[in-house]
Amino acid sequence: MEKLRCQVCGKVATDPATGRTPWIMTDTAFREIPGDSTGGLTSAPPTCWACVPEALATCPQLRVSSTVCTVARAEPAAVLADMFMPGPGRRAVPTGEYSVEVSLNDEALLPYALATQLIVQVHDLQPADQG
Ligand SMILES: [Zn+2]
């Protein structure tokens, strides 16, 4: 995710010709940030141009709602995490909260979070030219 590797083939997804990274955005895996009209948060990894057709054809979720976009850059912003609290004998006890979004700036919650997914903030998101 941090190296912007394609979720299908694992190669770096960034297009060397444009320096931009193709990214299939779905309603479920993308969220706008208030006040940021060209960026947003996503837990979905990018998809290289070579794999976009296969991804769209084979992933049921993408057939429901998806837009092929490109982004100028992306950086880690938060994690989805299962939450724990200190228990007896210094054991970590699950709080029962799962898939909680914890900002990487949240120093209070991060020590109790077991990350399961990285969320990145994408910048300069644009619809891809599908021609
Ligand atoms: Zn690929």
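**Salt bridges at a glance.** The count of salt bridges comes to three, where a salt bridge is a side-chain nitrogen of Lys or Arg within 4 Å of a carboxyl oxygen of Asp or Glu. This is a predicted model, so local features need pLDDT of at least 70 and side-chain atom pairs count only at pLDDT 80 or more, while totals for chains, interfaces and linings use all residues. Residues are numbered from 1 along each chain as its sequence is written, and side-chain values use heavy atoms, with hydrogens and water left out.

**View A. Arginine 20 pairs up with aspartate 124.** The closest N and O atoms of this salt bridge are 2.9 Å apart. The pair ties together distant parts of the chain, 104 residues apart: aspartate 124 sits in the loop between strand E8 (113-123) and strand E9 (126-127), and arginine 20 in the segment before E1. Those element names are DSSP runs numbered from the N terminus, with helices (H or I) of at least four residues and strands (E) of at least two. Arginine 20 counts as buried because its relative accessibility is 16%, whereas aspartate 124, at 29%, is partly exposed. Here buried means under 20% relative accessible area, exposed means over 50%, and partly exposed is in between (1.4 Å probe, protein chains only).

**View B. Arginine 31 meets glutamate 101.** In this salt bridge the closest N and O atoms are 2.8 Å apart. Again, distant parts of the chain are linked: arginine 31 is in strand E2 and glutamate 101 in strand E7 (residues 100-103), 70 residues apart. Both ends are partly exposed, arginine 31 at 41% relative accessibility and glutamate 101 at 33%.

**View C. Here is where domain 1 and domain 2 come together.** The domain assignment, automatic or from a database, gives domain 1 (21-75 + 120-127) and domain 2 (77-118). Their C-alpha centres lie 26 Å apart. Seven residues of domain 1 and four residues of domain 2 take part in the contact, meaning heavy atoms within 4.5 Å. Together the domains bury about 420 Å², 45% of it on carbon and sulfur atoms; buried area is the accessible area (1.4 Å probe) that two parts lose on being put together, summed over both.

**View D. Four cysteines hold the zinc ion.** The protein donors are the SG atoms of Cys6, Cys9, Cys48 and Cys51, lying 2.3 to 2.4 Å from the zinc ion. Donors are N, O and S atoms within 2.8 Å of the metal (3.2 Å for Na, K and Ca), and sites may look incomplete because water is not among the atoms. Why is the arrangement called tetrahedral? The four donor atoms subtend angles of 103 to 116 degrees, and four donors count as tetrahedral if all angles lie between 85 and 135 degrees. Along the chain, the donors follow the spacing C-x2-C-x38-C-x2-C. Cysteine 6 is buried, with a relative accessible area of 4%, and so is cysteine 48, at 11%.

**View E. Threonine 26 sits in a loop.** That loop runs between strand E1 (21-25) and strand E2 (30-33). Threonine 26 counts as buried because its relative accessibility is 6%. Setting aside neighbours within four places in sequence, threonine 26 is in contact with Leu62, Ser65 and Ser66.

Definitions and conventions:
Tetrahedral: all angles 85-135°; square planar, octahedral: opposite > 155°, others 65-115°.
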